[in-house]
Amino acid sequence: MTSKPQIPSLPEPVPQLDLSAQYAAMGAEIRAAVERVLASQQFVLGHEGAALEKQIAQLCGVAHGVGVASGTDALILALRACGVQPGDEVLLPPFTFVATGSAVSALGAKPVFADIRPDTYNIDPSEFERRVTPRTRAIVVVHLYGLAADMDPIMAAAKSRHLPVIEDNAQAIGASYKGRPTGSLGDAACLSFYPTKNLGAYGDAGMVVTNSTELAARIRTLRNHGQTVKYRSSEPGWNSRLDEIQAAILRVKLRHLSNWQRARQSHAAEYHRLFSQIPGVMPPIALDGFEHVYHQYTIRIEQRDALQKFLSERKIGSAVYYPYPLHLQQLYASLGYHAGDFPHAERAAQEVLSLPMYPELRKDQIARVVETIVEFLKC
Ligand SMILES: Cc1ncc(COP(=O)(O)O)c(C=O)c1O
């Protein structure tokens, strides 16, 4: 009898993100929460949304949360509530998801970009004075990848000119800066609960959090057709409300967020440990006083595209957030920016690579990712 030829076993794929592991662990809790909403037959602006607003505001260390339909809407409504009008200028970094800029454009305002720091990928506070003009009406600061921007110098500069600061906290829920949570650092902060975020819904959802009673009230009005009282509108608004099913799902997931955060931080520590011996790869910076929540674990490497291909051929997922800075997008061609205007953002767009990162990731998977990168560097 001839023995069967041995088929070499293929290594297990390592996805960049695996949401199915999370659902497998908590599907029953989620289904019970959805069932609760179905039984209530209240789908918009009900108990679940109100409870979530309180819980998220508390997590962010502020007085108010206003649920909206997405992180993008949170930005649009927060900017409008801060008084941004067509023709105003809004300062923001060019290295971010396009929504940060398109929210400004949606109000007919003009994005004015300020370059990032090459080590944190967040807005460089020293750029502020160069870019601010008498037409500047607000500043949007992005806490990219889960790391807070350096807020103290930004807030000081903004205060001296009476400009509101909005945190784009889509990627950094639970992070902190000098002991204060992101979301409490500016005048208002915008959260996205897009499914892939650290706290993700099962569809689109978002929230604005703020300490300002006035801003919160204005956003509540704007999200509901400008109605101050039912069927009485004081200004044009939107239909942008966080629905009860998403709110109920998010409340279940919120119970797990701090454990997930610790898991992400422990995976990051393991990546850091392994990368500390490897020249040619720049891991995310760990700054004193900044608690990073690793929405992404993003390395920097000159041969980024070749590495991504090498990893993909070995079934290791990775992603580029973001390959094109906003000032070079077709969307903003009319603003007249050119390649070379924001060198740190442009270089980051060519060199960053986000590696597998999610709470359920295992140590042996992290080891395989790093070993494969070492193999690539030897080629
Ligand atoms: C930095 C940043 N800003 C804004 C958004 C927009 O959020 P949403 O997709 O919920 O509209 C996202 C997420 O997609 C983001 O990552």
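**Two helix pairs and two residues in a predicted model**

Let's start with a helix pair: the axes of α10 (residues 304-313) and α12 (residues 363-378) come within 10 Å and cross at roughly 125°. Here axes are lines fitted to C-alpha atoms, for helices over the stretch in contact, and angles run from 0 to 180 degrees between N-to-C directions. Helices (H or I, at least four residues) and strands (E, at least two) are DSSP runs, numbered from the N terminus. The angle makes α10 oblique to α12; angles under 35 degrees count as roughly parallel, over 145 as roughly antiparallel, 65 to 115 as roughly perpendicular and the rest as oblique.

A word on the source: this is a predicted model, in which local features need pLDDT of at least 70 and side-chain atom pairs count only at pLDDT 80 or more, while totals for chains, interfaces and linings use all residues. Residues are numbered from 1 along each chain as its sequence is written, and side-chain values use heavy atoms, with hydrogens and water left out.

Back to our pair. The crossing of α10 past α12 is right-handed; the term applies if the near helix is turned clockwise from the far one by less than a right angle, and left-handed applies if anticlockwise. On the α10 side, Ala-306, Leu-307, Phe-310 and Leu-311 meet Val-369, Thr-372, Ile-373, Glu-375 and Phe-376 of α12, where contact means heavy atoms within 4.5 Å. The residues of this contact divide into 7 nonpolar, 1 polar and 1 charged. For these classes, Ala, Val, Leu, Ile, Met, Phe, Trp, Tyr, Cys and Pro count as nonpolar, Asp, Glu, Lys and Arg as charged, and the others, Gly among them, as polar.

Glu-375 of α12 deserves a visit. With 40% relative accessibility, Glu-375 counts as partly exposed; buried means under 20% relative accessible area, exposed over 50%, and partly exposed in between (1.4 Å probe, protein chains only). Leaving out residues up to four places away in sequence, Glu-375 touches Phe-310 and Arg-314. Pro-181 lies 194 residues from Glu-375 in sequence and 39 Å from it in space, C-alpha to C-alpha.

Now turn to α1 (residues 19-40) and α8 (residues 244-254), whose axes come within 9 Å and cross at roughly 140°. That angle makes α1 oblique to α8, and α1 passes α8 in a right-handed crossing. Among the α1 residues in the contact are Met-26, Ile-30 and Val-37, and α8 contributes residues including Ile-245, Ala-248 and Val-252. This contact has 10 nonpolar, 1 polar and 5 charged residues. Because 10 of the 11 residues of α8 are buried, α8 is largely enclosed by the rest of the structure. Its buried residues, among them Glu-244, Arg-251 and Lys-253, pack against α1, α2 (47-59) and α9 (257-275).

For a strand residue, look at Val-165 in β5 (residues 165-168). Val-165 is buried, at a relative accessible area of 0%. Beyond neighbours within four places in sequence, its contacts include Ile-139, Met-151, Ala-158 and Asp-187. Arg-137 is 28 residues away along the chain, with a C-alpha separation of 9.5 Å from Val-165.

Finally, zoom out. The protein chain has 12 helices and 14 strands. Its radius of gyration is 22 Å, close to the 21 Å that the globule rule gives for 379 residues, so the chain is as compact as a globular protein of that length. That radius is taken over C-alpha atoms, and the rule is 2.2 Å times the number of residues to the power 0.38. Of the 379 residues, 53% count as buried.
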